[in-house]
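Visitor: I would like to learn how to read a model like this one. Please take me through it feature by feature.

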Amino acid sequence: MASPFIRHCLLQRAPSIPRAAQRRLHLAPPFLLDDYTPRYLRLTSRDAAKKRSKAYAHLRNCNLCPRQCGVNRHETTGMCLIGDTAKVNVIAPHFGEEPCIQGHNGSGAVFMSGCNMRCIFCQNYDIAHQRNGMDLTPEALGDWYLKLQEVGNVHNINIVTPEHVVPQVALSILHAAERGLRVPIIYNTSSYDSLASLELMDGLVDIYLADFKVWEPSTSKRLLKADDYAATARESIKAMHKQVGDLCFTGDGIAKVGVLIRHLVMPGKEAEGAEIMKFLASEVSTDCFVNIMEQYHPDAHVGKKRRRRRVSSVAEEEPRRRNEPAEEDGEVRYSDINRAVTSEEVSLVREAAVRAGLWRFCDPPKHDGFAI
Ligand code: SF4
């Protein structure tokens, strides 16, 4: 017997209701699940063993993200500067995510320190660039997932910035699964992933919470220090969607499986946002669940005074030798993005998304119920 809420949902989808009205409600049976079992609980022991052995192999020769460092992470570090143990900054129930992710009890966030990207506007600079945090083995990490589930009663385990610690994350999920983990796993990524790492995650991750930041290689080279970002993100997002499909919910309004794309609108980059929306609609799915975000704020290197050294004598060279701060010349770095976005820029991206055929957005509900 369906619950009153599900009966209400099904009634909303009765054939007599015009299609446009149905869509405004964001409710559709293909995206509503009766129940959900996380994918890692459906792995055979043989598949789990294969994943373990692949994870260790990647650690011995890490080409796991597009940086392709080829280092043995038991001995040294590559561009991400993280070795064979994950460095973790914060582990806690988190209430800053989309309503369908955080729910009423919070999302079990695990913020990884370090990153394989170098975004000059990083909104988590102290965690991603300065690598503050504690080292945890995969087993200790997995035990924290269990604590989040048992003590925090969270709706999911939300691994934030996992791209550079995929082997450690895979091992931690397998460890926790054996000890009673039963909530979905969220892979919360910049989308600067390799197909090899997504293959390792296949069967372990339920929800891909994936950013698509900018479109033009010249922009990503300047702002993310990765000129192949958009090409990589396109392939990664297609691979994620192939694994888990469009975002689906149980009747309580909590997302359980699928892809949720986030696009942070950047100042003056609304045309790139529009290209991203067209790509999602034409090459991923018009049913893609999209969060067009407007909370960009200048951070990290943006808006800082440019520093320039004018060395004309031995006396002026001396502070440099002693590694003292350079003289500031008053110019501001990345001044073109040293502001918040305007509502017009956000609207332009949203309109482009609608024109492209997307319709599932992370908006406050226009009805009594959840935004699903
Ligand atoms: S995960 Fe780190 S070490 Fe491995 S390829 Fe990427 S940046 Fe290099």
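Guide: What follows covers confidence, the core, the ligand shell and an annotated site. This is a predicted model.

Visitor: What is the mean pLDDT of the protein, and where does pLDDT stay under 50?

Guide: Where pLDDT is low, the predicted coordinates should not be read in detail. Here the mean pLDDT of the protein is 88, with 84% of residues at 70 or more. Residues 1-25 stay under 50, and the model has 20 contacts beyond four places in sequence for them.

Visitor: Which residues touch the most other members of the largest nonpolar core?

Guide: In soluble globular proteins, nonpolar side chains tend to be buried together. In this model the largest nonpolar core holds 92 residues, and I159, A170, I185, I261 and L280 touch the most other members. Helix α7 (residues 166-178) supplies the largest share of this core, 7 residues. Beyond four places in sequence, I261 has contacts that include F212, L280 and V290.

Visitor: How many residues surround the ligand?

Guide: The ligand is surrounded by 13 residues, of which C62, C65, C69, G78 and C80 are the closest. By class, this shell has 7 nonpolar, 5 polar and 1 charged residues.

Visitor: Which residues does the UniProt annotation "binding site" cover?

Guide: The annotation, from an unreviewed UniProt entry, covers C115, C119 and C122.

Visitor: Is C115 buried or exposed?

Guide: C115 counts as buried because it has 24 C-beta neighbours inside 10 Å, and the cut-off is 20 or more. C115 lies in the loop between β3 (107-112) and α5 (125-128). Its contacts beyond four places in sequence are C80, A128, T161 and H164.

Visitor: And how many other C-beta atoms lie within 10 Å of C122?

Guide: There are 19, so C122 is partly exposed. C122 also lies in the loop between β3 and α5, and it touches A128, H129, D299 and A300, leaving aside residues up to four places away in sequence.

How values were computed: Residues are numbered from 1 along each chain as its sequence is written. This is a predicted model: local features need pLDDT of at least 70, side-chain atom pairs count only at pLDDT 80 or more; totals for chains, interfaces and linings use all residues. A residue is near a molecule or strand if its C-beta atom, placed from the backbone, lies within 6 Å of it. Ala, Val, Leu, Ile, Met, Phe, Trp, Tyr, Cys and Pro count as nonpolar, Asp, Glu, Lys and Arg as charged, and the others, Gly among them, as polar. pLDDT is the predictor's confidence in each residue, from 0 to 100. Two residues are in contact if their C-beta atoms, placed from the backbone, lie within 7 Å. A nonpolar core is a set of buried Ala, Val, Leu, Ile, Met, Phe, Trp, Tyr and Cys residues joined through C-beta atoms within 7 Å. A residue is buried if 20 or more other C-beta atoms lie within 10 Å of its own, exposed if 12 or fewer, and partly exposed in between; C-beta atoms are placed from the backbone. Helices (H or I, at least four residues) and strands (E, at least two) are DSSP runs, numbered from the N terminus. UniProt positions are given in the numbering used here, feature names are shortened, and annotations may be inferred rather than shown by experiment.
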